Amino acid sequence: MENHLLNIGFALLLTGIMVNLYSLWWSTERLQNIIKGIFWLALLSLTVAIIVRIAATGRLPSASMYEFILIFTWAILCLFVITRQKFNSPVFDLLSNILVVLLLLAASFLPSETRPLMPALQSAWLHIHVLTAIIAYGSFAVAFCLAGVYLFQENNTATAELRRLDQLIYRLVVLGFVFLSLVIITGAIWAEQVWGNWWTWDPKETWSLVTWLVYAAYLHARRTYNWKGRKSAVMVIVGFVVVLITLFGVSLILPGLHSYI
Amino acid sequence: MNKQHPVKTIFPALTSMQTAIYLLILIALLSAVGTIIPQGEESRFYIQHYGQYPGTFITLLGLNHLYQVWWYQVLMGFLCLSLLLCSYQRLRRTCNLASTGSLILHLGMVVIIVGATWSLGYAKSVYLEINEGEAAFLKDYGLKEGYLQVKKFKVDYYPDHSPRQYYAHLSLQDYKGGNYEENIAVNHPLEAAGLKIYQTSWSWSMQADVIQDENKQQLSLQNGIAVPLPDNSSLEIKALFIPDYQEDGMGLQTKSPYPNNPRMLATLMKEGQIADMMVLAPGESQNLGGYTIVFQGFAPYTGLTIKEDRGVNMVFTGFALLSLGLLIRYRNLYRRKAA
């Protein structure tokens, strides 16, 4: 059931990419409504797939890389449809759609079987830590797509519209930054409960700190040097590359305490 | 020549936001480097892996224990100062709620770093292995006075025999006469008498008599750990515990993790090589390379981490300040039309 729903969602999003590509050249209100419908249906099928998994395991899907990608993708889709109410652009639709499809594709290569929670993961902190993580990284992901839109449309968009886009990116980064702070804090409190060490310079921990420092530098550069617009967008893209290293690169290359995810 | 006092040069630099940004980026880059270079290895490891000059360079700069090296700590100290000074200056220039939030969140970061440094210098952490039914005097391990007993140890398993949870029933008596009794588990440490006790590890311990001629030695053998025989330094005995032995000759595998049909696989090792090997049931005695081995009994032992660390409270206060500061700093972000 869960797989069927995920396949439906995946097929919808793939169709979405094709419609998006078409809409880059020839955009009508009807086409926009179709795209909107596709996103909502994909979000619905992903939501039901996650609910089915929660019902089967009795817990939040957060104990493996497969499960994390699933809820991370769901968070991106949620934040995307909310952001889309404020800023609508075929390039934004396309970039977000491609990102979500790539994530689901990556998940399809990972083992999806449910496994019982190991003792270290049996804590209410797991849910708080993971929920804050998907909001943080989801916000950075949507900000990254918008930064891509900024760079793509910079030369053929009105200044007021660009300023509005820049402001939206900033707000998403702030949301991500606040939640990333909470991810690090909840992770540290939890680690102290489990191992007696709130910080061990484990690669995942360290890279989450690196991510935090990069976005902190973005926020400070924006305020101090008035880094807005293009420079700001480039920094958001660099930030998201660091996010991808933190989430996936570290798990694939560097061993550590987060080896299960 | 106009030579300024170093403090007069450093101070304005630390109040500049530019310095803060450079420090943030520098610390981010260095922290990332620390995840790429393996930490805590001997110097010859780096020479073997990276070559003579890069390996020596790594150990010389302390990149092999980067997060503890003095200059990394100094950078953190500078960042602390810079954060505080910048936030204070901003508050002086524009005294509003957002600036106050900014000051609180930066103060939170400083409190976290100070707490962490305090822990680095003064916290005590000891790892102890205690058999079920046995006890330890904590003062013997450099901690404050106390008597810690492991009354019971239990592992719960899922149907697929993967561990669900580890429980240790502890009794702690402190020097003031306080008595604390609690069932601890992973994620549920015991917090009492200024100590925190964590369930960290476990395994089986086997009691065996080793007899040669008229000489009888009682040994407590931990699962998989070789112990030198007391009267012969070149010989070691290693015991493996098989909780649920399969009688059907399917090798030395266990049917389940439960001690339904326990056996001890005793191995006599000479200079790292196996000299003799024997499987014994409880109460059974066998000849192992000229020694008579009697398998007297078995019990689980638990590995406990015991911590004395006041820095953690400071760090958690820093977390609270940081969260509060962020909330105040960005409270209006989604209300206003433009920031």
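Which residue takes a positive phi in the hairpin of S7(B) and S8(B)? I looked at the turn and found that Asp213(B) does so, with a value near 55°, in a hairpin that has two residues between the strands.

**Conventions and confidence.** I noted that this is a predicted model, in which local features need pLDDT of at least 70 and side-chain atom pairs count only at pLDDT 80 or more, while totals for chains, interfaces and linings use all residues. Residues are numbered from 1 along each chain as its sequence is written, and chains are lettered from A and ligands numbered from 1 in the order in which they are written. For chain B I read an average pLDDT (the predictor's confidence in each residue, from 0 to 100) of 88, with 95% of the residues scoring at least 70. For the complex, the predictor gives an ipTM of 0.90 and a pTM of 0.89.

I went back to S7(B) and strand S8 (residues 215-222) of chain B, which pair in the antiparallel sense over eight bridges; strands count as paired if DSSP finds at least two bridges between them. Gln207(B) has Ser220(B) in S8(B) as its bridge partner. I then looked up strand S11 (residues 263-270) and strand S12 (residues 273-280) of chain B, an antiparallel pair with seven bridges, in which Met264(B) stands opposite Leu280(B) of S12(B). S11(B) and S12(B) also form a hairpin with two residues between them, and Glu271(B) in the turn has a positive phi of about 50°. Helices (H or I, at least four residues) and strands (E, at least two) are DSSP runs, numbered from the N terminus.

**Contact between the chains.** Counting residues as in contact if their C-beta atoms, placed from the backbone, lie within 7 Å, I found 40 residues from chain B and 35 residues from chain A in the contact. On the side of chain B that touches chain A, at least two residues each come from helix H2 (17-36), strand S4 (163-174), strand S7 (195-212), strand S14 (291-308) and helix H7 (311-329). H2(B) provides the largest share of that side, twelve residues.

**Domains of chain B.** The assignment, which is automatic or from a database, gives domain 1 (1-69), domain 2 (125-191) and domain 3 (204-302) in chain B. I read 26 Å between the C-alpha centres of domain 2 and domain 3 of chain B, whose contact takes eleven residues from domain 2 and seven residues from domain 3. On the domain 2 side, strand S1 (124-131) and strand S3 (146-157) of chain B each supply at least two residues, and S3(B) gives the most, with four residues.

**Helices of chain A.** I checked helix lengths against the expected span, 1.5 Å times one less than the number of residues. Helix H6 (residues 159-195) of chain A has 37 residues and should span 54 Å, which agrees with end C-alpha atoms 52 Å apart. Just after H6(A), Gly196(A) takes a positive phi of about 80°.

Definitions and conventions:
Contact = placed C-beta atoms within 7 Å.
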